[in-house]
Amino acid sequence: MGEDPHIVSDAGNLDRSPLVSFLYERGWRQSFTRSGFPGLEEEFNMAQEYFKPAEGGLLVDASCGSGLFSRKFAKSGAYSAVIALDFSENMLRQCYEFTKKEDFTLSKKLALVRADVSRLPFPTASVDAVHAGAALHCWPTPSNAVAEITRILRSGGVFVGSTFLRYRSSSPPIVRLVRELQNNRQSYNYLTEEEIKDLCSTCGLVDYSSKIQDTFIMFTARKP
């Protein structure tokens with residue numbers, strides 16, 4: 001696996017640059033289909049299906065980037081409110097500009113928050129749903145981030161994430177070896193499905209399930 005063409009908050013300084021923030025939703029994010037991501041609309045529909053138990057509640061879109069999915073969640077009308085959260089001021093600025101251009105009335109249901117995903121500024125058990133699209137591999141300490149997500153979720157709350165896998169469980173040994181070596185040289189932290197499942201379990205989440213296509217994975221788990 002070579003360098004994947006994506007940047008999401010918390011991966012470092014590059015994602016904070018105005019250029020990357022500008023390009024993210026103008027072709028960069030769409031290029032993820034080359035690694036198995038099914039496309040923006042299908043990803044949104046998959047997430048919405050997982051979030052059905054949380055309809056009518058508060059949703060946080062963590063490491064939201066330019067707010068591509070934050071705006072979709074807000075437009076859906078399925079949630080009482082949506083919070084677009086990212087560490088990059090430039091990404092949030094892009095989210096604001098897109099919101100203003102597309103439908104400024106969305107601001108009544110969409111709030112923008114700058115924060116570190118490992119130190120979420122929300123009370124314990126205050127959120128019904130957390131989404132983190134194409135983000136997990138960008139977090140320096142995924143265990144801290146998922147532990148924080150678990151903390152803020154209410155009982156029964158749903159976490160949905162997507163990311164690039166290091167390799168699939170069916171990958172031949174030589175492919176695994178090559179990708180392990182590549183992963184050690186990259187600034188991103190690509191996990192296996194087993195590691196993601198263990199991460200959710202260790203952080204106190206249950207009922208894990210996932211869908212995989214090539215190196216794309218979308219997974220969900222809930223807080224008991």
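Modeller: Happy to! Keep in mind that this is a predicted model. Let's start with strand β7, which is mostly covered: six of its seven residues are buried.

Colleague: Okay, and which strands does β7 pair with?

Modeller: One partner is β6, which pairs with β7 (residues 216-222) in the antiparallel sense over six bridges. Another is β5, also antiparallel to β7, over seven bridges.

Colleague: How many residues sit between β6 and β7 in their hairpin?

Modeller: Two residues lie between them. Asp214 is in that turn, and its phi is positive, about 60 degrees.

Colleague: Nice. What is the order of the strands in the sheet?

Modeller: The sheet is open, has seven strands and mixed pairing, and its order is β3-β2-β1-β4-β5-β7-β6. At the edges are β3 (110-114) and β6 (206-213), each of which pairs on one side only. On average, neighbouring strands of this sheet are turned by 15 degrees against each other, if you ignore direction.

Colleague: What about β1 and β2, parallel or antiparallel?

Modeller: Those two run parallel, with five bridges joining β1 (residues 58-62) to β2. Leu59 has Val82 in β2 as its bridge partner. Strand β2 (residues 81-86) is mostly covered, with five of its six residues buried.

Colleague: Now the helices. Which strands does α2 lie across?

Modeller: Helix α2 lies across β4 (127-132), β5 (153-164), β6 and β7. Relative to β7, α2 runs at about 15 degrees.

Colleague: And α5?

Modeller: Helix α5 (residues 142-152) lies across β4 and β5, and runs at about 150 degrees to β5. Several α5 residues are buried, including Pro142, Val146, Ile149 and Ile152. The buried residues of α5 pack against β4, β5 and α7 (193-202).

Colleague: Switching topic: where is Ser66?

Modeller: Ser66 is in the loop between β1 and α3.

Colleague: Why does Ser66 count as buried?

Modeller: Its relative accessibility is 0%, and the cut-off for buried is under 20%, so Ser66 counts as buried. Setting aside neighbours within four places in sequence, Ser66 is in contact with Tyr24, Glu25, Arg71, Met91, Gln94, Cys95 and Phe98.

Colleague: What about Tyr208, which strand is that in?

Modeller: Tyr208 is in strand β6. Tyr208 has 18% relative accessibility, so this residue counts as buried too. Apart from neighbours within four places in sequence, the contacts of Tyr208 include Glu193, Ile196, Ile217 and Phe219.

Colleague: How far apart are Tyr208 and Val160 in space?

Modeller: They are 9.8 Å apart, C-alpha to C-alpha, while in sequence they are 48 residues apart.

Colleague: Last one: how does the whole protein look?

Modeller: The protein has seven helices and seven strands. Along the sequence, they follow the pattern α-α-β-α-β-α-β-β-α-β-α-α-β-β. Of the 224 residues in the protein, 55% are buried. Among contacts with a separation of 6 or more, 72% are between residues 24 or more positions apart.

Colleague: Thanks, that helps a lot!

Definitions and conventions. Residues are numbered from 1 along each chain as its sequence is written. This is a predicted model: local features need pLDDT of at least 70, side-chain atom pairs count only at pLDDT 80 or more; totals for chains, interfaces and linings use all residues. Side-chain values use heavy atoms; hydrogens and water are left out. Two strands pair if DSSP finds at least two bridges between them. Helices (H or I, at least four residues) and strands (E, at least two) are DSSP runs, numbered from the N terminus. Axes are lines fitted to C-alpha atoms, for helices over the stretch in contact, and angles run from 0 to 180 degrees between N-to-C directions. Contact means heavy atoms within 4.5 Å. Buried means under 20% relative accessible area, exposed over 50%, partly exposed in between (1.4 Å probe, protein chains only).
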